[in-house]
Amino acid sequence: MNYYQTSTTSTVSERQVIKANPNTSFPTPFSSAVLSDFGLLVLDYDAKPSITDSQKVIEGDIEVRDGVAYQTYSAVDKSADRIAAELASKQKNVRSRRNAELSATDWAVLSDTALSGADETIYINYRTALRDVPAQPGFPDNALPEGPHQQPEEGTWTYDPINFVWKAA
């Protein structure tokens, strides 16, 4: 448990209080007498605010209400540089997953593939859809197309090669 030390206006853990006072025996959890003697208040946490993708949550001041200290939080706008960096990182991750899927299906388009003409066409179209992902509206937040090799394990499924999804049969 964490506490707010009123004399230093800092947060401390039980362990830190015990370590700072090696010649004192403490009950655990700390009693109200210990809290009072050491100028400690139980530290509770306010709910964090809802935020958008262009915001972040930061810790605010600690407020004392009814003998309890509360860590407060605020929503603030992210800088344009940070938003751009997060978007670039997200795009890189999606491209990396896409490239892994392309590599995993290279075998399907080799000249010596054992696939029938129809199955080979399904894989060719799937790989084209993967390559088109960065150009789609909503990139990088849209899902990657599902491949014909990614059938869910439980239940009966059919593959839709037009929309690149598995549908429950």
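Pro29 is placed in the loop between α1 (14–20) and α2 (32–37), where helices (H or I, at least four residues) and strands (E, at least two) are DSSP runs numbered from the N terminus. The model is predicted, with local features needing pLDDT of at least 70 and side-chain atom pairs counting only at pLDDT 80 or more, while totals for chains, interfaces and linings use all residues. Residues are numbered from 1 along each chain as its sequence is written, and side-chain values use heavy atoms, with hydrogens and water left out.

Most residues other than glycine have a negative phi, and most peptide bonds are trans. The bond from Thr28 to Pro29, however, is cis, with omega near 0°. The bond from Phe139 to Pro140 is also cis, with omega near 10°; Pro140 belongs to the loop between α4 and β6 (157–160). In the loop between β4 (55–65) and β5 (68–77) lies Asp66, a residue other than glycine whose phi is positive, near 55°.

Helix α3 (residues 80–104) packs against helix α4 (residues 117–132) at an angle of about 160°, with the axes 10 Å apart. Axes are lines fitted to C-alpha atoms, for helices over the stretch in contact, and angles run from 0 to 180 degrees between N-to-C directions. The two helices are therefore roughly antiparallel (an angle over 145 degrees). The contact (heavy atoms within 4.5 Å) involves Arg98, Glu101 and Leu102 of α3 and Tyr126, Arg127, Leu130 and Arg131 of α4. These residues comprise three nonpolar, no polar and four charged; Asp, Glu, Lys and Arg count as charged, Ala, Val, Leu, Ile, Met, Phe, Trp, Tyr, Cys and Pro as nonpolar, and the others, Gly among them, as polar.

Asp53, Lys78, Ile83, Glu86, Leu87, Lys90, Pro140 and Asp141 line the largest pocket. A pocket is an open set of points on a 1 Å grid over the protein atoms alone, where a 1.4 Å probe fits, with protein on both sides within 12 Å along at least five of seven lines; lining residues have an atom within 4 Å of a point. The lining has three nonpolar, no polar and five charged residues.

Conventions: Angles under 35 degrees count as roughly parallel, over 145 as roughly antiparallel, 65 to 115 as roughly perpendicular and the rest as oblique.
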